[in-house]
Amino acid sequence: MRMHRGSSKGVAGNPATAETLPLSASPPKEIEVELALTRAGQVEIRRVTVPFGAPVRAALRAIGQPGEGAAVLLDESFVPLDLPITRPVRLMVVRTFSGG
């Protein structure tokens, strides 16, 4: 009797050999983030490196900026401060209030 390749029944006494599949590329350990800080019509560009999957808040803290009191945009859409960063991005940071 001949069985097709997908059969779960193998030949007695001859265990099936396991296939060795290549591993997919590992995610990068660090991600470069460009932050465009806007204030009073001026834009200051800052660059930082954060661990893969770090939240947006971590990128802000890396440049000494608190996340609270800021609106962050990615590709013209607002994003939450806990959004994980999984690729190189450019974030626009708009202060929503200032101390006084």
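Here are a few friendly notes on the salt bridges and the nonpolar core of this predicted model.

1. **Ground rules.** Because the model is predicted, local features need a pLDDT of at least 70 and side-chain atom pairs count only at pLDDT 80 or more, while totals for chains, interfaces and linings use all residues. Residues are numbered from 1 along each chain as its sequence is written, and side-chain values use heavy atoms, with hydrogens and water left out.

2. **Salt bridges overall.** You will find five salt bridges in the structure (a side-chain nitrogen of Lys or Arg within 4 Å of a carboxyl oxygen of Asp or Glu). Glu34, Arg47 and Arg90 are joined in a network of them.

3. **Arg47 and Glu34.** In this salt bridge the closest N and O atoms are 2.9 Å apart. Arg47 sits in strand E2 (residues 42-51) and Glu34 in strand E1 (residues 30-39), so the pair ties together parts 13 residues apart in sequence. Helices (H or I, at least four residues) and strands (E, at least two) are DSSP runs, numbered from the N terminus. Arg47 is exposed, at 55% relative accessible area, whereas Glu34 is buried at 18%. Here buried means under 20% relative accessible area, exposed over 50%, and partly exposed in between (1.4 Å probe, protein chains only).

4. **Arg46 and Glu44.** These two side chains also form a salt bridge, with an N to O distance of 3.6 Å. Arg46 is partly exposed, with a relative accessible area of 29%, and Glu44 is partly exposed at 42%.

5. **Arg57 and Glu68.** The closest N and O atoms of this salt bridge are 3.7 Å apart. Arg57 belongs to helix H1 (residues 56-62) and Glu68 to the loop between H1 and strand E3 (70-74), so the pair ties together parts 11 residues apart in sequence. Arg57 is partly exposed at 23% relative accessible area, and Glu68 is partly exposed at 48%.

6. **The nonpolar core.** The largest nonpolar core has 20 residues, and those with the most contacts inside it are Val33, Leu35, Val50, Ile85 and Leu91. Such a core is a set of buried Ala, Val, Leu, Ile, Met, Phe, Trp, Tyr and Cys residues joined through side-chain atoms within 4.5 Å. E1, E2, H1, E3 and strand E5 (89-95) each give two or more residues to this core, with E1 giving the most, four residues.

7. **A look at Val33.** Leaving aside neighbours within four places in sequence, Val33 is in contact (heavy atoms within 4.5 Å) with Arg46, Arg47, Val48, Val50, Ala59, Ile85, Val89 and Leu91.
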